[in-house]
Amino acid sequence: MTELPSPDEIEAARTPAGGWKRDQLAAWGVPWPPPKGWKDELTERWTVAHQDGALQLTLPSPALADFAQETLDFG
C-alpha cells in the first residue's frame, strides 16, 4: 500500500535538479513517466484524507469489564 505524502514531503523529495526520482514516485503510486498533474492529484488526495473528521485513527477496543475475571478464574 502506498502512503500519501504531504505537500511538504513532496517538495522535500525534489532532487537538486528540481525533479523527482522514479523510485520515489513509484513509492507514492505515481507511474513513470509521471502524468501531467500528478503532484496536484497527490496533494488533493492528501488534503481530503486529512480534513477534519476524515482521518480516522483505529484505536484498540477496550477490554470487556469482566475480562480479567473470565481469564484468571482457575477454580
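Biologist: What should I know before I start?
Modeller: Residues are numbered from 1 along each chain as its sequence is written, and side-chain values use heavy atoms, with hydrogens and water left out. As this is a predicted model, local features need pLDDT of at least 70 and side-chain atom pairs count only at pLDDT 80 or more, while totals for chains, interfaces and linings use all residues.

Biologist: Which pattern does the protein chain follow along the sequence?
Modeller: Helices (H or I, at least four residues) and strands (E, at least two) are DSSP runs, numbered from the N terminus. The protein chain has four helices and zero strands. Read along the sequence, the pattern is α-α-α-α.

Biologist: In the protein chain, where is confidence lowest?
Modeller: Confidence here is pLDDT, the predictor's value for each residue, from 0 to 100. The protein chain has a mean of 78, and 65% of its residues reach 70 or more. Confidence is highest in α1, at 95, while the lowest mean, 48, belongs to α4.

Biologist: How many contacts does the model have for residues 67-75 beyond four places in sequence?
Modeller: Contact means heavy atoms within 4.5 Å. Over residues 67-75 the pLDDT stays under 50. Where pLDDT is low, the predicted coordinates should not be read in detail.

Biologist: Which residues make up the largest nonpolar core?
Modeller: A nonpolar core is a set of buried Ala, Val, Leu, Ile, Met, Phe, Trp, Tyr and Cys residues joined through side-chain atoms within 4.5 Å. Buried means under 20% relative accessible area, exposed over 50%, and partly exposed in between (1.4 Å probe, protein chains only). Of the 75 residues of the protein chain, 12% count as buried. The largest core has seven residues: Ile10, Trp20, Leu25, Trp28, Val30, Trp38 and Leu42.

Biologist: Leaving aside neighbours within four places in sequence, which residues is Leu42 in contact with?
Modeller: Leu42 belongs to the largest nonpolar core. With those neighbours left aside, its contacts are Leu4, Pro5, Ile10, Trp28 and Val30.

Biologist: How are the rings of Trp20 and Trp38 arranged, and why?
Modeller: Rings of Phe, Tyr and Trp (its six-membered ring) pair if their centres lie within 6.5 Å; planes under 30 degrees apart count as stacked, over 60 as edge-to-face and the rest as tilted. By this rule there are two aromatic pairs. In the pair of Trp20 and Trp38, the centres are 4.9 Å apart and the planes stand at 85°, so the pair is edge-to-face.

Biologist: Is Trp38 buried or exposed?
Modeller: Trp38 has a relative accessible area of 11%, so it counts as buried.
The rings of Trp28 and Trp38 have centres 6.4 Å apart and planes at 25°, so that pair is stacked. Trp28 lies in the loop between α2 and α3, and Trp38 in helix α3, 10 residues apart. Like Trp28, Trp38 is buried.

Biologist: The side chain of His50 reaches the backbone oxygen of which residue?
Modeller: His50 is found in the loop between α3 and α4 (67-72). With a relative accessible area of 36%, His50 is partly exposed. At 2.8 Å, its side chain reaches the backbone oxygen of Trp46.

Conventions:
A polar contact is a pair of N or O atoms within 3.5 Å; within protein, one must be able to donate a hydrogen and the other to accept it, and residues adjacent in sequence count only if both atoms are side-chain atoms.
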